[in-house]
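Q: Please take me through some of the terms used to describe this structure, and set each one against its definition.

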Amino acid sequence: MTAHTEPDAWQSQAGVREARPLPIHGGAFNADPHATYQQLRSQGPIAPVEISPGVYGYLAVTYRAALYLLQNTPARFSKDPRRWEALRSGRLPAGSPAVMMMQPRDNALWKDGPEHARLRRAITTSLARVDTHSLAASVGRIADQLISGFAADGQADLVSQYADPLPMLTMIEMFGCPPALGQRIVVAVARLFDTDSDAAQANAELEAACLELAHLKRLRPGRDVTTHLIAAGLTDAEMIQTILLLIGAGSTPSSNLITNALRLIITDTRFAGTVHTGVKPLADALDEVLWHMPPVSNYSPLYTIGEQSYEGVHLQPGFPVLVSFAAANGDPSLPFTAGVRAGNRGHLAFSAGVHACPAPDLARIISETALERAVDRLTGLVLAVDPRELTARPATFHAGLTALPVRFQPDSPIHTNRR
């Protein structure tokens, strides 16, 4: 069976009625992912999709289905990509960007059982040693340095000049990484998330840089996350993939979260009219974004263990089943989906189950501090273009903007932080 005949054979075996699986890639999907999610929900809670050209699987598009998958791993579903039949038999398109995001790796995200528990324990114990007060101070210092670079101009792109570099610089400090090496790591991670056409090269560069960092910290240990992971007994192969996992999870998704929250604060009168007066805390804007614009839109590939079905949908073994965090959070069957969910943390933006994000509190510290600094220092912050001119990043795996051009009063002073 070749890659181009795979969907036809899949339809025959799985009883799929649609002519072809709907794509979750390309310009039309990127422009309005929720239109595709709505179409998919009409087929069922889990529906067949084309993940990238020539790469097929399923996507869970309701909250109940997403939670079922995540909470039944590893009992009914496995994280092991070696169960992916097309990958195992070499039938995937060469250099596919989806393969780079979903291939087997020696880290906790792709493991089940005792191996997963061991690798996750190394992560959680290492991240638990991060001093949250010091982290908030570091983020604030980095944010101020970035803002000072454009504060006198009265205009900026808050993606390239703020939301993108801030998490990157924060991760570099947390991992004790020299700036040049850290830059190589995060640029490569961003290329993978953006489904770069040369994803294989980006992946090779990323792995080489992570190995270089591991070797550096074995020689010169410090009080950083990389050193803590080494102390947990990880091999070089495990260090490469664990550094890749943590920096990947902490950089591009955090950038998207900051960008999406800034956009909301600037353009939505529910926030723009109250945040500056201190009536509504910035944490509410983050909750809104995590519900309705989660920074990782579709991910967490799973594989059935034997024959599985869910609410009448047969899941054919050997195909990846992705979770749509964006579609699940926006499921119209949920109560108050259209409203502001201030303080409600029932969203799936940080996933759920045994593979849930190990440090959501650190992500919120980084993002909330970034928002505080931007709102405090950029007085009169407004969008510099029509909102319809904003362009989304490739939305297969994540949700963000390519740019967020703004205007503000130049030379804004630093004010006392607001909580």
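Q: Why are α8 and α10 called oblique to each other?
A: In this predicted model, where local features need pLDDT of at least 70, side-chain atom pairs count only at pLDDT 80 or more, and totals for chains, interfaces and linings use all residues, the axes of helix α8 (residues 132-148) and helix α10 (residues 165-174) come within 10 Å and cross at roughly 135°. The axes are lines fitted to C-alpha atoms, for helices over the stretch in contact, with angles running from 0 to 180 degrees between N-to-C directions; angles under 35 degrees count as roughly parallel, over 145 as roughly antiparallel, 65 to 115 as roughly perpendicular and the rest as oblique. The two helices are therefore oblique to each other. Residues are numbered from 1 along each chain as its sequence is written, and side-chain values use heavy atoms, with hydrogens and water left out.

Q: Which residues make the contact of α8 with α10, and what classes do they fall into?
A: From α8 come Leu 135, Ser 138, Val 139, Arg 141, Ile 142, Ala 143 and Leu 146, and from α10 come Pro 165, Leu 166, Leu 169, Thr 170, Glu 173 and Met 174, contact meaning heavy atoms within 4.5 Å. By class, the contact has 9 nonpolar, 2 polar and 2 charged residues, where Ala, Val, Leu, Ile, Met, Phe, Trp, Tyr, Cys and Pro count as nonpolar, Asp, Glu, Lys and Arg as charged, and the others, Gly among them, as polar.

Q: What makes Ser 126 count as buried?
A: Ser 126, which lies in helix α7 (residues 113-128), has a relative accessible area of 1%, and buried means under 20% (exposed is over 50%, partly exposed in between, with a 1.4 Å probe and protein chains only), so Ser 126 is buried. Leaving aside neighbours within four places in sequence, Ser 126 is in contact with Val 225, His 228 and Leu 229, and a polar atom of the Ser 126 side chain lies 3.4 Å from the backbone nitrogen of Leu 229.

Q: Is Thr 227 buried or exposed, and how do you know?
A: Thr 227, found in helix α13 (residues 225-231), has a relative accessible area of 13% and is therefore buried. A polar atom of the Thr 227 side chain lies 2.9 Å from the backbone nitrogen of Gly 222; with neighbours within four places in sequence left aside, Thr 227 is in contact with Lys 217, Pro 221 and Gly 222.

Q: What is said of phi at Ser 300, and what makes Ser 300 count as buried?
A: Most residues other than glycine have a negative phi, and most peptide bonds are trans. Ser 300, in strand β6 (residues 298-304), has a positive phi of about 55° although it is not a glycine, and its relative accessibility of 8% is why Ser 300 counts as buried.

Q: Why does Glu 311 count as partly exposed?
A: Glu 311 has a relative accessibility of 47%, so it counts as partly exposed. Glu 311 is placed in the loop between β7 (308-310) and β8 (313-315), and has a positive phi of about 45° although it is not a glycine.

Q: Where is Pro 74, and what is the omega of the peptide bond from Thr 73 to Pro 74?
A: Pro 74 lies in the loop between α4 (63-71) and β4 (77-78), and the peptide bond from Thr 73 to Pro 74 is cis, with omega near 10°.

Note on methods. Helix = DSSP H or I, 4+ residues; strand = E, 2+ residues; numbered from the N terminus. Polar contact = N/O pair within 3.5 Å; in protein donor to acceptor, adjacent residues only side chain to side chain.
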